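Hello,

Please find the structure we discussed below. My notes on it follow.

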Amino acid sequence: MEALITWLDSRLADNSIFTLQTLSYYGEGLVTTVQLVFLSLVLGLVAAVPLAIGRGAKRRWVRLPIFLYCYVFRGTPLLVQLYLIYYGVVFVEGIQETWLWVILEKPFVPALIAFTLNTAAYTTEIFHGAIKATAKGEIEAARAYGMSQRLMMRRIIIPSAFRRALPAYGNEVIFMLHASAIASVVTIMDLTGAARFVYARFYAPFEAFLFVAAIYLCLTFAILYLFRYLEKRLLAHLKPASG
Amino acid sequence: MIDLHGYGPRLLEGALVTIELALLSLVLAIVLGLVTASAKMSRSWLAHRIGTLYTTIIRGVPDLVLMMLMFFGGQIGINQFTDWLYTQFAIDIFINVNEFAAGVITIGLIFGAYMGETFRGAFLAVDSGQIEAGRAYGMNHWLVFRRIRFPQMMRHAIPGLSNNWMVLLKTTALVSVIGLSDMVRIATEASKATREPFTFMIIVAAIYLLIASVSEWGFARLQKRYNVGYTEAD
Amino acid sequence: MTLRTTLSLGVLGVAMIVGTANAEVRDIRIAVDVPYEPMEYRTPEGELTGFDIDLGNALCAEIGIQCEWVVQGWDGIIPGLMARKYDAIMSSMTINEQRREQVLFSDPYITPPSAWFAPADVEIGTPSEETLEGMTIGVQRGTLQDNYVTDMYGDVADVNRYATADDMVLDMDSGRLDAVFLDFPIGKSTLIDSEAGDYKVVGEMITEPKEYFGEGFGIAFRQRDQELADAFNEALAALQEDGTYDEIFEEYFGEQE
């Protein structure tokens, strides 16, 4: 322990790496990462609910396209999807002249689109599984009450599926946080982008990447505890009763 | 026909690199996973702690960051170690890690942590009565492992294993960022030279889907094999 | 710390080469980052070519050693040298003080300036804090151009950093970048002379201040390989004497200078 402290001390005393400038790169990177991950998760979640219902629809023409979408986006690397969207939007004829280009010009929105499409596909599958796992008794009870299909979906199936999906969705959130590291590949200065910059400028791989790894670790733990708390609150009724 | 501008053969080579990389990493990950699972279930406090630390850190940090740390930092770390050996003991060795080996080690290390969790859950799911029965037959520890625990564990592990494999396969794409010439790297090089990113990226996506579909089929067969004696509903 | 030790131990089993420590001139491995046309790039078949490659091979032939080229991404190229993955770097690397702390340089073998390039239709005055305000500028990560732009204009402009020069060109083609800052010959070859888009050079050639722009491109060695550097310097002088250098120069840059 003492050795560690003296080591840290000597490092900080004459350190040329963790200056105010580089720390501000990490700070801005943290903001970018959180924005990117949060926005794509929210948008992906909103899209996933109707998609998950459609995924289990009786009509083939509803079910099949959604199945294909999920299959393709879950079966290929996010990096490839990101490249396709980032470089692909450019090839839409005349896009540079439209107002859309103002937002697609910067790498943030193309990355956001790629991440959203990706997480929506995974979340759809998670919800689809949770909906399928609805207890038959619950459905029969709802039917006996004379609920319509729509009402049953809204009042019974979706709320209980949400709860069942919670642990798997927590994993998806962490997965997205980690996957967002590839944003740096299309010039976004997220956390990993900041680390790569510091590394390239000072040739200091351990400092640059261990520091950023520690930040990611903290973020991961924060998400983990948030979901554990949510599970405790929302899944309390599933716990065995204790004295 | 799609015009590949002469990049066809290299793209195929890249696909082979991807497959080799994925398979070798999988082997390493399975070995590490079994070791980790045993460590986490062991009665030794230290082994348990080390196992937990390993899985927690690896699963808390993005793959890409770990990869960069090991690619860029790994060799420097090793050299510091060999330099230290030289100054301390006058042992002069030089250990060279090529990019492919570094890729296998990094991906193997990452997925070893995930495999560890999968195997631990699967081992715990094996009915302890089965193990006791094996013991009662006079089987020794190793025999119990080989004949009873491992085959029954596999039945529970295959869904997780298949899931990990699919994620691992897609993770191999990240080595392209670091400089290994896998198929994604070659496709990006080709896209830039020909300025036709769509063509090459869609081909790469299709190859990934093909590998994923073939493995899905393979795992389904494997599952059937290990499910012998159980009903589907289970 | 544990991570590092585990890794080193894990690697022990993978590949172990018992090497010799003395540094007499021997067959060597040279690192290069591609593509950086016309200095170093690949043909579609995957073969390495370019000014650095041809000159490097000529130098090795002159010294009488075998040289093997190793492709290495730019952001890992100096650490790779220190890590003994190869013995030299010949990859359009500018000699400057910051790098001199890490590596030993040969004499400069070519001295190209840096320059600003922009799409022909972008209105941009002589680059300064005012004219670049709010613009998006592309540079290659970890290059002297990156350091220069980050320090001079990082506060007023968006700086996009790329792994390779080609990434940058692709983004400029699509209209994502207002300007890029590059070694002049590379910009000339990939932007001005190519048929892809319509580009122009903006402002003067830039070679000052020296703390960024150094003294030209040099071959980098490990600090302790002084003999190797001397051998290359002698060979370079010999090639410049007998006209081989000029032949290679003309092949890639034409006859002007």
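**Chain A: annotation and helix content**

An unreviewed UniProt entry lists residues 30–227 of chain A as "domain: ABC transmembrane type-1". Please keep in mind that the model is a predicted one. Over residues 30–227 of chain A, the chain is 80% helix and 0% strand, with the end C-alpha atoms 21 Å apart.

The unreviewed UniProt entry also gives "transmembrane region" for residues 33–54, 66–88, 108–127, 173–196 and 208–227 of chain A. I looked at two of these stretches:

- Residues 66–88 of chain A are 91% helix and 0% strand, and their end C-alpha atoms are 22 Å apart.
- Residues 173–196 of chain A are 54% helix and 0% strand, and their end C-alpha atoms are 24 Å apart.

Between chains A and B, 28 residues of chain A are in contact with 27 residues of chain B. On the side of chain A that touches chain B, the elements giving two or more residues are α3 (60–75), α4 (78–88), α9 (191–202) and α10 (205–234) of chain A. Of these, α10(A) gives the most, with 10 residues. By class, the side of chain A that touches chain B has 22 nonpolar and 6 polar residues, and no charged ones.

The contact between chains C and A takes 14 residues from chain C and 12 residues from chain A. Two or more residues of the side of chain C that touches chain A come from each of α3 (77–82) and β9 (158–162) of chain C. The side of chain C that touches chain A divides into 4 nonpolar, 6 polar and 4 charged residues.

**Strand β7 of chain C**

Why is strand β7 (residues 114–119) of chain C described as largely enclosed by the rest of the structure? Because 5 of its 6 residues are buried, the cut-off for buried being 20 or more other C-beta atoms within 10 Å of a residue's own.

β7(C) pairs with two strands of chain C, β10 and β11:

- With strand β10 (residues 179–183) of chain C, β7(C) runs antiparallel and is joined by 4 bridges. Here Ser114(C) stands opposite Asp183(C).
- With strand β11 (residues 199–206) of chain C, β7(C) also runs antiparallel, and 5 bridges join them. In β11(C), Lys200(C) is the bridge partner of Ala118(C).

Regards

How values were computed: Residues numbered from 1 in each chain as written. Chains lettered and ligands numbered in written order. Predicted model: local features only at pLDDT ≥ 70, side-chain atom pairs only at ≥ 80, totals over all residues. Contact = placed C-beta atoms within 7 Å. Nonpolar A, V, L, I, M, F, W, Y, C, P; charged D, E, K, R; others polar. UniProt positions renumbered as here; feature names shortened; annotations may be inferred. Buried ≥ 20, exposed ≤ 12 C-beta atoms within 10 Å, placed from the backbone. Pairing = 2+ DSSP bridges.
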